[in-house]
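Colleague: Please guide me through the reading of this model, one feature at a time.

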Amino acid sequence: MAAVYKFKPYNVGRWVIWSLFALVLLAAPMVFTSNLSTTMLAQMGIAIIACLSYNILLGQGGMLSFGHAVYTGLGSYLAIHALNAVSAGKWHIPVSLLPIVGGIAGMCFAVLLGWVTTRKSGTPFAMITLGVAELVFAMSLMFSEFFGGEAGVSGNRVAGEAFFGITFGPQIQVYYLIAAYTFVCVALMYAFTQTPLGRILNAVRDNPERVEFIGYNTQRVRYIAFIIAGFFAGIAGGLGALNFEIVTAEVVGAGRSGAYLLFTFLGGATFFFGPIIGAILMVIAFVLLSELTKAWLLYLGLIFLFMVMYAPGGIASLIMMNLRVAKFGKLRQIWTSYLSLGLTAFVMLAGAGAMIEMVYHLQLNSALGDTVKFMGATLNAKGLDSWFGCAFVMFTGLGLFELCRRQYMIEWGDIQTEIEKEIKRRETAV
């Protein structure tokens, strides 16, 4: 009897997606050619690795950590010290491998601190990570020999022998180094989600009691995942040390950990590509939004609040829901609703934003006069007519938005019913 061989279908879509991802990394600095753009692209690559490593804990393992910056930050410190050792001629390793030093450092600290941290889950785990984060931040101000005190530790990435003319002096060379690490790390973290360990980590997140019942040690699974997350976080920290050539106590602070949590959630922790979206938004918010307005943290908090209320799955969940609708050819039925929602939301936010800017102007820039520029309009921060006009615009937009939202919910419910009927029809036809 002749042997019958069966082969797994060739996943063309996956190859296309990864090829496009590599192409975007290669072509991005050719499209955005300014120095600011290159710097932001480099920061986005670092943030993508950091947020994806955090999502190993939050999205895949259900571990809410308030101290992930400990491992990115300590990886940065070890990498900058290694860079200085290379510059002094004490170490003879290529500068391009220094992020691996940061990764090993992050992994070692995860081995040390993770054993205690992962012995608990849920709220106790979150509180322990917060305590560890505060402990490390306090140590960064106490032990100035290692952490450099408030001034931090600086270095020079142009060290050692040039390799084919690559010195990592120009920012574009550093970007492509970060892009290479980003592609490899993203691929490895995606591969981790497809391993048996990655699958059982999802099971520990969803039903730890059943996992214990079938014979797995949930604490050990969390511990191993914590170590892996620490390794990739350390690589992100090492890349950050090379990119900025200085490491300060801020990199292990609670603010950095909170940023990883907030933007991973905004991007969508339940989807692998969600933290990538969140990382891009994080850099845009920290670099561009902070330059446009002094109230950028308030806007960021409001965005987070509305996402928790109306889209707890993050931006990635919104994309996937609409892709499902488009797959069944129903998206054209609600595009007018999306347009009306966008326009009314813009009107509402314009009114609210104008009032926020006037408040900040009165509190912080009152010495510069009473007028403030907002979206091309000149507003009098002390004038009753400006306040009344902004309030009228905001409440008008809010009322129209609520009407459009109710109509959209009706249409969305009808579309979901039609999709479910179509799915059942196809199942019965088969």
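This is a predicted model: local features need pLDDT of at least 70, side-chain atom pairs count only at pLDDT 80 or more; totals for chains, interfaces and linings use all residues.

Colleague: Where does glutamate 245 lie, and what is its phi?

Modeller: Glutamate 245 sits in the loop that links helix H10 (218-244) to strand E2 (246-247); helices (H or I, at least four residues) and strands (E, at least two) are DSSP runs numbered from the N terminus. Although glutamate 245 is not a glycine, its phi is positive, at about 60 degrees.

Colleague: How many residues does H14 have, and how far does it reach?

Modeller: The expected span of a helix is 1.5 Å times one less than its number of residues. H14 has 14 residues and reaches 20 Å from first to last C-alpha, close to the expected 20 Å. Buried in H14 are Gly314, Ala316, Ser317, Asn322 and Val325. Their cover includes helices H11 (254-267), H12 (274-292), H13 (296-310), H15 (335-364) and H16.

Colleague: At what angle do H14 and H16 pack?

Modeller: Two packed helices are described by the angle between their axes and the distance between the axes. Here the axes are lines fitted to C-alpha atoms over the stretch in contact, with angles from 0 to 180 degrees between N-to-C directions. H14 (residues 314-327) and H16 (residues 384-429) pack at about 60 degrees, with axes 10 Å apart. The two helices are therefore oblique to each other, the class left when angles under 35 degrees (roughly parallel), over 145 (roughly antiparallel) and 65 to 115 (roughly perpendicular) are set aside.

Colleague: Which residues make the contact?

Modeller: Contact means heavy atoms within 4.5 Å. H14 contributes Met321, Asn322, Arg324 and Val325, and H16 contributes Trp412, Ile415, Gln416, Ile419, Glu420 and Ile423.

Colleague: What of the chain as a whole?

Modeller: The chain comprises 16 helices and four strands. Of its 430 residues, 44% are buried. Its C-alpha trace spans about 85 × 65 × 45 Å along the principal axes.

Terms used:
Residues are numbered from 1 along each chain as its sequence is written. Side-chain values use heavy atoms; hydrogens and water are left out. Buried means under 20% relative accessible area, exposed over 50%, partly exposed in between (1.4 Å probe, protein chains only).
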